[in-house]
Amino acid sequence: MTDTASIQRDERGDWRPANPIVLAPINNWPPNPKAITQWLFGWPGYLWPYNAFWLVAAIVTWAFLTPSLQAMQSIEAWWVGVLLARNAGFILLLFGGLHLYLYVFRAQGEAFRYTTRSFAAGSSRFRFNHQVRDNMFHTLLSGVPVFTAYEVITYWGFANGFLGYGSQGGASVGFWLWAVVLFLLAPVIHSVHFYFGHRLLHTKLLYGRFHAFHHHNVDVGPWSGLSMHPVEHVVYFSTVVVQWLLALHPINALYQIQLAAFLPALSHSGFEKVMMGKTFSLDGGSHFHYLHHKHFECNYGGSLVPLDRLFGTYHDGTVEADAAMRERLRARRQALRKVKTAYL
Ligand SMILES: [Zn+2]
Ligand SMILES: [Zn+2]
């Protein structure tokens, strides 16, 4: 498959999609029922395939690939090892599979890719001087252990009645209705937590020490998604703490952790669309986050919750948004200069 006719690249090989990024229609006023219904249920919609798919993954993981809560009452090496191995397997399958599909087998060539540049090789910015190996190293040796550790604490907490308010009955309708409510809320929780955690990591104090690791990846691929400093992994996966406070069943916490662990593969794919045959494609919010890697100072969150729009950091991918972002940064520099002059 080659580039479609609509894809025009600049002299650097970069491509800007013709259509601006749009936020989820629930953020628009007045509400448009048709657009909301299409967004919820159409392909690829909010409920299907993305979240329903990950929900099924969480249910299967819980039912077949997780030891019983009874067995996890005390922390023992064997079950921690089981969780670690299965999580490493998931990541290799998903991140590795997507990387192989897009960049090794080149299943769709350069079609819908934001840039034609190759991943960095021979660059001292990266461990082993190699972007993909560096990204795999940080993902597998830090990302997987950190989110497994959160999972271990979760199960141990539930098994001992420290979490879930001691409620392990699970028989009542209310219990399961609450679980469904939390399933629906999990992507929102992920978005909000990611936005504020991410802004925190962009502060002067934390950026250079920790978050810069992730931003070594200007041109991203699936393995860049979880390529972070261990401290950033601890911050990023702490989204599950919200479920520690709310959930009655550990599967809600597992779903929350898995969303955080799995979504970055697609959101860092480097492609506007991942084609599945000629008809179907997946868009995991890739352009939204791609712009963050390109410009650093915009799109800290996602398109589900309009926090970037609220805080003036939203970039919809258009030339006009480029200009607005430059103006915002210029005004901020000017204000900082004024403060410095006034106090020095
Ligand atoms: Zn990123
Ligand atoms: Zn960032």
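A residue is buried under 20% relative accessible area, exposed over 50% and partly exposed in between, with a 1.4 Å probe and protein chains only. By that rule His-214 and His-293 are buried. The model is predicted: local features need pLDDT of at least 70, side-chain atom pairs count only at pLDDT 80 or more, and totals for chains, interfaces and linings use all residues. Residues are numbered from 1 along each chain as its sequence is written, chains are lettered from A and ligands numbered from 1 in the order in which they are written, and side-chain values use heavy atoms, without hydrogens and water.

**Zinc ion (ligand 1)**

- Four histidines coordinate the ion through NE2: His-214, His-268, His-289 and His-293, at 2.0 to 2.1 Å.
- Donors are N, O and S atoms within 2.8 Å of the metal (3.2 Å for Na, K and Ca); water is not among the atoms, so sites may look incomplete.
- Along the chain, the spacing of these donors is H-x53-H-x20-H-x3-H.
- His-214 sits in helix H6 (residues 204–215) and His-293 in helix H10 (residues 286–295), so this pair ties together parts 79 residues apart in sequence.
- Helices are DSSP runs (H or I, at least four residues), numbered from the N terminus.
- The four donor atoms subtend angles of 93 to 154° at the ion, which makes the arrangement irregular.
- Four donors count as tetrahedral if all angles lie between 85 and 135 degrees; four count as square planar and six as octahedral if opposite donors are over 155 degrees apart and all others between 65 and 115; anything else is irregular.

**Zinc ion (ligand 2)**

- The protein donors are the NE2 atoms of His-198, His-202, His-211, His-215 and His-292, at 2.1 to 2.2 Å.
- Their spacing reads H-x3-H-x8-H-x3-H-x76-H.
- His-198 belongs to helix H5 and His-211 to helix H6, so the pair links parts 13 residues apart in sequence.
- His-198 is buried at 2% relative accessibility, and His-211 is buried at 1%.

**Cavity**

- The structure holds one cavity of 30 Å³ or more.
- A cavity is a set of points, on a 1 Å grid over the protein atoms alone, where a 1.4 Å probe fits but cannot get out; lining residues have an atom within 4 Å of a point.
- The largest cavity has a volume of about 60 Å³, the space filled by probe spheres set on the points, which are joined across faces, edges and corners.
- H5 supplies the largest share, five residues.

Conventions. Helix = DSSP H or I, 4+ residues; strand = E, 2+ residues; numbered from the N terminus. 1 Å grid on protein atoms, 1.4 Å probe; cavity = no way out; pocket = protein on both sides within 12 Å on 5 of 7 lines; lining within 4 Å.
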